[in-house]
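The following questions and answers concern one protein chain. Please consult the sequence and the structure while reading.

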Amino acid sequence: MARTTSLSRCFQGKLSRTTLEQQAHCDGAASGALLLLLAGLALVAGCAKHAAGGPPQYPPPDVVTAQVEQKDMPIYGEWVANLDGYTNAQIQPQVTGYVIRQEYKEGSEVRKGQVLFEIDPRPFVAVLDQAKGQLAQAQAQLGLSDINVRRDTPLAEARAIARSQLDNDLQTKAANEAALKAQQANVAAAELNVGFTQVRSLLDGIAGIAAIQVGSYVKTDTVLTTVSQVQPIKVYFAISEQEYLALSKKARDGGAADLLHSSSRVPVELTLSNGTVYPSKGSIVFVDRGVDPSTGTIRVAAAFPNPQNLLRPGQFGKVRAQTAFEKNALLVPQRAVTELQGSYTVAVVDDTDKVHIANVKVGQQIGRDWVIADGLKPGERVVIEGNGKLADGIPVHPHPAPAEQASAASPATPYNAGQGSEGK
């Protein structure tokens, strides 16, 4: 009663004190009374609501949805691959000696027959000269025996000399003819050795780093360098037995006898380690004789044109090839699929904007999409954003996804559709 009287006096301006300090006291008391009034109203409203027994109401969560799309889709397999030369030649000398010259630039392109190293030829030239001298002696011996045979033949027929002398002449001539052939072979071998002092490339390709230096003594088992043919170049990868059967079936359906003769019927695409797709497609040129029992894979090689020498042995990348073609495939974005302990679920929004958690059976992954083998129908709306805490039967506020997010992957989109295995 006293507080009410004081407030009344403050609001009516009837207090005896008129200083600024007293006026501030009046304003503070009025504000405090107003706050007490508002708090009381809120308490009464809360009690009334709690007495009614109703739970607190929350707005439906916002989610982003995409439609299940149905279309014919090619199914691709993708595998880790490593590159190697179409042919790799280890360059080794065929004679021993000291290397006196290196005739090529390391890492450069060389041609078949181009001189790469030179070994000191002087010992081999000396051997060649000696062989030529021995050949001249053999020729002289043969010439003398031929003269003896021509001279003694008419004498033996006239019984002027014994027949045995003519027989000796004939045998001497035959021995000298054999000796001449032996000396001719020695000369040819010596000439080859002189030629072998110039170590040449065995094929067109890229020459590697020299394994020896000028002045080194080399033998016939010494590796001087390696030359790799890179145009075309081979790409090795390992595929599973099931993928091999799928590729073989596709090759036969295209009219090829087997996978090796599929050519353009099974084109292979190469993606480099930086993510760029190599512009030229390859074809399968090698299939190993059997499946590796330890890994369950079979090694395959594809040849790719390499006119710019961009691809080099030792590089890694990924290859893919079409293994099947699925008609009327159901596609959803991968973000719509939730995996838990080997089970896959999708949150479906019905016509009343309520969520239904559907168990699905998934197929191949195609780009950013997933093929659904069972559990969905074409045109259904699936949640692709905001599906982390959704429960079955709750209402939601759906928003259609932008076209670039909801569209299915095209065949040209890079993707992984198989279990990659690294080629060795």
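Q: How many bridges join strand E3 to E8?
A: This is a predicted model, in which local features need pLDDT of at least 70, side-chain atom pairs count only at pLDDT 80 or more, and totals for chains, interfaces and linings use all residues. Residues are numbered from 1 along each chain as its sequence is written, and side-chain values use heavy atoms, with hydrogens and water left out. Strands (E, at least two residues) and helices (H or I, at least four) are DSSP runs numbered from the N terminus, and two strands pair if DSSP finds at least two bridges between them. Strand E3 (residues 97-102) runs antiparallel to E8, and the number of bridges joining them is two.

Q: Which strands are the edge strands of the open sheet?
A: The sheet has four strands in the order E6-E5-E3-E8, with antiparallel pairing. An edge strand here pairs on one side only, which identifies strand E6 (198-200) and strand E8 (217-218).

Q: Which residue in E8 stands opposite Gly97?
A: Strand E3 covers residues 97-102 and is joined to E8. The residue of E8 that stands opposite Gly97 is Val218.

Q: What is the distance between the end C-alpha atoms of helix H4?
A: The expected span of a helix is 1.5 Å times one less than its number of residues. For the 34 residues of H4 (residues 163-196), this gives 50 Å. The model agrees, because the end C-alpha atoms are separated by 50 Å.

Q: Against which helix do the buried residues of H4 pack?
A: Buried means under 20% relative accessible area, exposed over 50%, and partly exposed in between (1.4 Å probe, protein chains only). The buried residues of H4 include Leu166, Leu180 and Val187. In contacts (heavy atoms within 4.5 Å), the buried residues of H4 pack against helix H3 (122-157).

Q: Is Arg159 buried or exposed?
A: Arg159 lies in the loop between H3 and H4. Its phi is positive, about 60°, although Arg159 is not a glycine. Most residues other than glycine have a negative phi. Because its relative accessibility is 76%, Arg159 counts as exposed.

Q: Is Asn309 buried or exposed?
A: Asn309 also has a positive phi of about 60°, and is found in the loop between strand E12 (297-304) and strand E13 (316-333). With a relative accessibility of 16%, Asn309 counts as buried.
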